[in-house]
Amino acid sequence: MSALLAVDGVSKRFGGLQALEGISFAIEEREIYGLIGPNGAGKTTLFNVLTGVYAANAGAFTFLGQNITGLPPHRIACAGIARTFQNIRLFANLSALENVMIGRHPRTRAGVLAAVVRSKRTAQEERAIERRALELLDYVGIRARANDRAGSLPYGDQRRLEIARALATEPKLLALDEPAAGMNPAERLALGKLVRQIRADGVTVLLIEHDVRLVMNVCDRVLVLDYGEKIAEGTAAQVQRDPKVIEAYLGAPRAA
Amino acid sequence: MIESLARLKRHAAAPWAGAAIVALALLALPFALAAVGTAWVRITNLAILFVFLSLGLNIVVGFAGLLDLGYIAFYAVGAYVYALLASPHFNLHLPFWIILPIGAAIAALFGVLLGAPTLKLRGDYLAIVTLGFGEIVRIFLNNLSRPVNITNGPQGIARIDPFRLGELSFSRHEAWLGLEFSGPIKYYYLLLAVLLGIIVINLRLQNSRIGRAWEAIREDEIAARAMGINTRNLKLLAFAMGASFGGVAGGMFSAIQGFISPESFVLVESIMVVSMVVLGGMGNIWGVILGAVLLSFTPEILRWTVDPLQQALFGRSLIEPEVIRMLLFGLALVLIMLFRPAGLLPSAVRKRELTGRTA
């Protein structure tokens, strides 16, 4: 079985700091793959390398069998990896609807000439963009907020809006960077449901999360990072029992 | 009564009737102005050119959020392209409908030339580089007279051809249908037609995939990239589009004035255009138009009223009209910015930004 995303020996260094050291793993199609680790373990760095924000110092990764190492972020988005951001990065002054409509950019075509001439086809495309954006707002449960300024939405809704915007790019892989951060337990539960729904609809999910319970609940497999190295990989239950993982989270057992 | 009024308002023809009234007023305007003095028709024509410039700059500043303080350079490029290709200077006399597209294209090229090295700059840093760019272009125009005389230096280029369509010359005085059509009046109608086109282009661009991508870049470049937007190409596109508007305006300026020199393209002019955009309402096409019209006319109106007003009030001229005119003008700018920080007609986005701080 060929993997959707295959990562092979990816390393990233910031000056003297080795942020990632030879990370390898593979995400299968239609799974929910968790990425956990203590603060500063390199989760977000790995995320940023995979989405083209940083260039890896070594290693390569392929997506759908295609080498996408070192591509700029917009090409990676076009290839089918969409992401959200740990510290929400919405287009805060635009409406929720406009945010999602912008997500349709890589899957639509109209250029300057088409916009100025506004042919029948362009007008149709515009209507389709709006229709799809409204559907996605409905999908994540914030359709009623479509015309509100994105930056004025409640925190949980902003997270949902980011997911809707990412889904608008029609990704094969949706990468969520700590989507539950700052959410209350009820919101987390709803988020878990949404993530499972997204997978059920055919999108593979890569989930970075601090909330261990959420990860254990929704992820099929989990990768654990510590100090930029992979220390464990397996099902949630396996990883939870791994002594190296316990050590990373709770510290080494005191030498007697 | 109120009900019938509301029905009238809801009537589908109401906006059309409004548009028709505005159109008629605009068509009749030059004759009314000509009755006061031909100078006012000329002032109006210049105001329309500044509307072109403001709409062009609005693409760069208002839509894509890239502050450009050297915008007048593109106006200069368009003006010189026209002047060089349609004057005795090189003894070339190409028709305007060939030169204007060339001027727009070359101005767009200059836009890319400015955009390419500044892709990574934003805000203040970008403003400084663009300011320098504007000055560089002006200084080049001033000095490209030696060793080969291209721009004729500070003397400028004179006897530039007016627009000509077959037998019809835009500079001649003519009488049609019992109405006197002077040169400026003919140019006025031409400018009005071009203005209509430019407004349509702007409105359509704004509500399009490209317009949204520009807005995304303005709001958050990193997020825009993650949404599959090629920020480099789209920023260059914004610079090129904005510059080409400036190029067209420059070409028309050249033809209308008949004479240009580097002095017409100084930094103050750039600042003026930025003021028009900001004061009218960055990102809102109608606001920008209003800003350009107001800032073009206010100094002229003050020029004609300050002195007579002083004479009437005090019986003599207390303060130099030229001094008090710019003083009042500056004061007006400060007041507008204090009381309407998002501009006279703010865009929906800016309004949200300045009032909707609930997050």
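Analyst: Axes are lines fitted to C-alpha atoms, for helices over the stretch in contact, and angles run from 0 to 180 degrees between N-to-C directions. Helices (H or I, at least four residues) and strands (E, at least two) are DSSP runs, numbered from the N terminus. This is a predicted model, in which local features need pLDDT of at least 70 and side-chain atom pairs count only at pLDDT 80 or more, while totals for chains, interfaces and linings use all residues. Residues are numbered from 1 along each chain as its sequence is written, and chains are lettered from A and ligands numbered from 1 in the order in which they are written.

User: At what angle do helix 3 of chain B and helix 10 of chain B pack, and how far apart are their axes?

Analyst: Two packed helices are described by the angle between their axes and the distance between the axes. Here helix 3 (residues 38-63) of chain B and helix 10 (residues 231-257) of chain B pack at about 170°, with axes 8 Å apart. Angles under 35 degrees count as roughly parallel, over 145 as roughly antiparallel, 65 to 115 as roughly perpendicular and the rest as oblique. Helix 3 of chain B and helix 10 of chain B are therefore roughly antiparallel to each other.

User: Which residues in helix 3 of chain B meet helix 10 of chain B?

Analyst: Two residues are in contact if their C-beta atoms, placed from the backbone, lie within 7 Å. Among those of helix 3 of chain B are F52(B), G56(B), V60(B) and F63(B), and helix 10 of chain B contributes residues including A238(B), G242(B), F245(B) and A249(B). For the classes, Ala, Val, Leu, Ile, Met, Phe, Trp, Tyr, Cys and Pro count as nonpolar, Asp, Glu, Lys and Arg as charged, and the others, Gly among them, as polar. On that basis the contact of helix 3 of chain B with helix 10 of chain B has 17 nonpolar, four polar and no charged residues.

User: Which residues have the most contacts inside the largest nonpolar core?

Analyst: A residue is buried if 20 or more other C-beta atoms lie within 10 Å of its own, exposed if 12 or fewer, and partly exposed in between. A nonpolar core is a set of buried Ala, Val, Leu, Ile, Met, Phe, Trp, Tyr and Cys residues joined through C-beta atoms within 7 Å. The largest such core has 171 residues, and those with the most contacts inside it are L174(A), V205(A), L207(A), F52(B), A73(B), A76(B) and A238(B). Helix 3 of chain B gives the most to this core, with 14 residues. Leaving aside residues up to four places away in sequence, A238(B) touches I59(B), V60(B), F63(B), A64(B), L66(B) and W214(B).

User: How do helix 3 of chain A and helix 5 of chain A cross?

Analyst: The axes of helix 3 of chain A and helix 5 (residues 120-140) of chain A come within 9 Å and cross at roughly 115°. The two helices are therefore roughly perpendicular to each other. By class, their contact has nine nonpolar, no polar and one charged residues.

Helix 3 of chain A also packs with helix 6 (residues 155-167) of chain A, at an angle of about 30° and with axes 7 Å apart. Helix 3 of chain A and helix 6 of chain A are therefore roughly parallel to each other. That contact is made by A96(A), N99(A), V100(A) and G103(A) of helix 3 of chain A and L161(A), A164(A), R165(A) and A166(A) of helix 6 of chain A.

User: How many residues of chain A are in contact with chain B?

Analyst: 30 residues of chain A are in contact with 27 residues of chain B. Helix 2 (73-79), helix 3 (96-103) and helix 4 (112-117) of chain A each give two or more residues to this side of chain A. The residues of that side divide into 14 nonpolar, 10 polar and six charged.

User: Are G59(A), A232(A) and A17(B) buried, partly exposed or exposed?

Analyst: G59(A), in strand 4 (residues 58-63) of chain A, counts as partly exposed, with 18 C-beta neighbours inside 10 Å. G59(A) and V10(A) are 49 residues apart in sequence and 4.0 Å apart in space, C-alpha to C-alpha. A232(A), in strand 10 (residues 229-234) of chain A, is buried, with 21 other C-beta atoms within 10 Å. A17(B), in helix 2 (residues 14-36) of chain B, is exposed, with 11 other C-beta atoms within 10 Å.
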